[in-house]
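Hi,

Here is the structure I said I would pass on. Have a look at it first, and then read on for what turned up.

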Amino acid sequence: MDTTAGQSLYPLHQSKTIHLVRHAQGVHNVEGEKNHDAYLSDDLFDANLTPLGWNQVENLQKHVKAIGLSGKIELVVVSPLLRTMQTAVGVFGGEAHTDGTNEPPLMIENVGHSDHPAVSSLNCPPFIAVELCREQMGLHPCDKRRTVSEYRNLFPGIDFSLVETNEDTWWTPEREKKEEVIGRGLKFLEWLCTRKEKEIAVVTHSSFLFNTLSAFGNDCHPNIKTEMCAHFANCELRSMVIVDKGMVGSNNSTTNYPGKIPHGPDLPSDATD
């Protein structure tokens, strides 16, 4: 019987569940829809969320709590741009931060002139900024980041240790080619496979997601390919399983059991055929 066309089996410990989120509506989305040339404006440098974007964040936060997802996520990986970090802490962060606690807030109040209160780093997973999942880079100032020093002041509870330079050395005046985005996306997924966490949220960008996911699903039913690769709406969440076929990671199973305890004869009947 040929099962290759419909199903695949892989060891559980060689897979992870990743929850992919595109950032909520940013000011660049609004201006760019009015006039695409607005994306070239320096006024949109490192664009922040709109008030509507914050409403989208609130609604996604309610959803992940209602389905119990917020308690399962072990790590939040976020692109180090203002709009993605605002989205990430708003959706997956703790409650409103109160002064006097020992832990720094994930985000201070009024980041991006949002009037949004500070967000607590208590009772939520760790957050880490990773440049590999940044938006398609170059040309558009909205996709250029601030210094890490600035971000650390705005988001004290996010770990920026994997961002190697204080200044943005990745952004260039020329637009990154789609093939380069795909290559960067595949490298990012390889990095995810090396993490010990099994449930990871990734808050990133439209073009990054579209180009990275376009490399997958060619061996699936066309409807699955379409579902995976369609453009993300603002603040959309899609959960997927990533399988480490090449054993890039080295995670051991936490559920497998070796059997034969106590030791005894266990020759199967088909061994005599």
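Predicted model: local features only at pLDDT ≥ 70, side-chain atom pairs only at ≥ 80, totals over all residues.

Overall picture first. The protein has 7 helices and 6 strands, and reading from the N terminus the order is β-α-α-β-α-β-α-β-α-β-α-α-β. The C-alpha trace spans about 75 × 45 × 35 Å along its principal axes. Of the 273 residues, 47% count as buried. If you take contacts between residues at least 6 apart in sequence, 76% of them join residues at least 24 apart. The accessible surface is about 15,000 Å², and carbon and sulfur atoms account for 52% of that. On the charge side, there are 24 positive and 36 negative charges, and their mean positions are 1 Å apart.

Now the aromatics, which is where the helix numbering comes in. The count is 3 aromatic pairs. One of them is F188 with W191, a stacked pair with 6.0 Å centre to centre and 25° between the planes. Why are these two about one helical turn apart? They sit 3 residues apart in helix α5 (residues 178-194), so about one turn separates F188 from W191. Both of them are buried.

F188 has a further partner: with F208 it makes an edge-to-face pair, 5.9 Å centre to centre and with 75° between the planes. F188 is in helix α5 while F208 is in helix α6 (residues 206-213), so this pair ties together parts that are 20 residues apart in sequence. Are F188 and F208 buried or exposed? Buried means under 20% relative accessible area. F188 comes in at 2%, so that one counts as buried, and F208 is at 3%, so buried as well. Taken together, F188, W191 and F208 form one aromatic cluster.

As a rule, nonpolar side chains in soluble globular proteins tend to be buried together. Here the largest nonpolar core has 35 residues, and the members that touch the most others are V76, F92, F127, F155, I158 and F160. Two or more residues come from each of α2 (51-66), β2 (75-78), α3 (82-92), β3 (127-129), α4 (148-154) and β5 (199-204). The biggest giver is α3, with 6 residues.

Most residues other than glycine have a negative phi, and most peptide bonds are trans. Against that background:

- The peptide bond from I261 to P262 is cis, with omega near 0°. P262 is in the segment after β6.
- N110 has a positive phi, near 65°, and is not a glycine. You will find N110 in the loop between α3 and β3, where N110 is partly exposed at 35% relative accessibility.
- L139 is another residue other than glycine with a positive phi, in this case near 70°. L139 lies in the loop between β3 and α4 and is partly exposed too, with a relative accessible area of 39%.

Last stop, A230. Where does A230 lie? A230 is in the loop between α7 (222-229) and β6 (237-243). With a relative accessible area of 34%, A230 is partly exposed. Setting aside neighbours within four places in sequence, A230 is in contact with F210 and R238. If you happen to be looking at L49 as well, A230 and L49 are 181 residues apart in sequence and 23 Å apart in space, C-alpha to C-alpha.

Cheers

Methods: Residues numbered from 1 in each chain as written. Heavy atoms only, no water. Helix = DSSP H or I, 4+ residues; strand = E, 2+ residues; numbered from the N terminus. Buried < 20%, exposed > 50% of the residue type's maximum accessible area, 1.4 Å probe, protein only. Contact = heavy atoms within 4.5 Å. Core = buried A, V, L, I, M, F, W, Y, C linked by side-chain atoms within 4.5 Å. Areas by Shrake-Rupley, 256 points an atom, 1.4 Å probe, with all protein chains shown as cover. Lys, Arg positive; Asp, Glu negative; His and termini not counted. Charge placed at Lys NZ, Arg CZ, Asp CG, Glu CD. Phe/Tyr/Trp six-rings, centres within 6.5 Å; stacked < 30°, edge-to-face > 60°.
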